[in-house]
Amino acid sequence: MPRFAANLSMMFNEHPFLDRFDAAAKAGFTAVEFLFPYDHPVEAIAERLQRNGLTQALFNLPPGDWAAGEKGFAARPDKFEELQQSLRTALPYALATKVKRLHLMAGVADRADPRALEAFRKSLTWATEFLSPHGIDVVLEPLNKRDNPGYFLNDFDFARDLIVDMKIPNLKLQFDFYHCQIMHGDVTMRLREMMPVVGHVQIASVPSRHEPGEELNYPFLFEELDRLGYGGFVGCEYRPRAGTVEGLGWFKSYAGAKS
């Protein structure tokens, strides 16, 4: 049975951020993820996790000026120092929450520009080496062009090929079914092909990005994850249609799966 992590940046928004940990645990989740923790004291986040017996599945490295459209630094040749600082900023949160994977965002850059690709590879090498002594994986998530125009990492095949080529043990793919379906379709076959490099999975309905449903047969895909031996977390990175708890009917048979 998959182990689901509530995404607290999108779910349980009926509560202040720190109270979402309590709400997720009450709803039956045993793990959580979120985009960015950096507006909150690391001690407060660690305390909420411990109080509720929750596992931290994932969070993102600092993206830069998110409100202004920045989405990371890794493929920006002029932003390598910011990339390094983002790792230093994230590390205390990673150690306190005991998270085992961090999402490194590529940023807005032209993938056809060889300087951007060179910068991306340099950033991945530095980030994985920085995090390896702490037992933390770096995960890469391709984002679809419809929602994220200009984002450097916008193709699953490219991401998979890069991970295979670099041969870095703690560099993995973040397989988001929502983005994969929009970009490529044929998600089951892609999942089967890419499973050897998958380090994290996320879900949402297509096209609305609400609770699982619509185009994708998620009960089948959850069974496929089991068949493929996936032992990681499934992050619920969706926007509830009409209230988080009200939309958890799909989750009832999975609630309480151990982390």
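A residue is termed buried when its relative accessible area is under 20%, exposed when over 50%, and partly exposed in between (1.4 Å probe, protein chains only). By that criterion S123 counts as buried, at 2% relative accessibility. The model is predicted: local features require pLDDT of at least 70, side-chain atom pairs count only at pLDDT 80 or more, and totals for chains, interfaces and linings use all residues. Residues are numbered from 1 along each chain as its sequence is written, and side-chain values use heavy atoms, with hydrogens and water left out.

**S123**
- S123 lies in helix 4 (residues 114-131); helices (H or I, at least four residues) and strands (E, at least two) are DSSP runs, numbered from the N terminus.
- Beyond its neighbours within four places in sequence, S123 is in contact (heavy atoms within 4.5 Å) with A74, F80 and L83.
- The S123 side chain reaches the backbone oxygen of A74 at 2.9 Å.

**Helix 7**
- V187, T188, R190, L191 and M194 are the buried residues in helix 7 (residues 187-194).
- Viewed down the helix 7 axis, these buried residues fall within an arc of 165 degrees, so they line one face of the helix; the arc is that of the directions from the helix axis to the C-beta atoms.
- Their cover includes helix 5 (156-166), strand 6 (171-176), helix 6 (177-183), strand 7 (198-203) and helix 8 (218-227).

**Helix 1**
- In helix 1 (residues 17-26), the buried residues are F17, R20, F21, A23 and A24.
- Strand 1 (3-7), strand 2 (31-33), helix 2 (42-52) and strand 3 (55-60) are among the elements covering them.
- G28 follows helix 1 and has a positive phi, near 110 degrees.

Conventions:
Polar contact = N/O pair within 3.5 Å; in protein donor to acceptor, adjacent residues only side chain to side chain.
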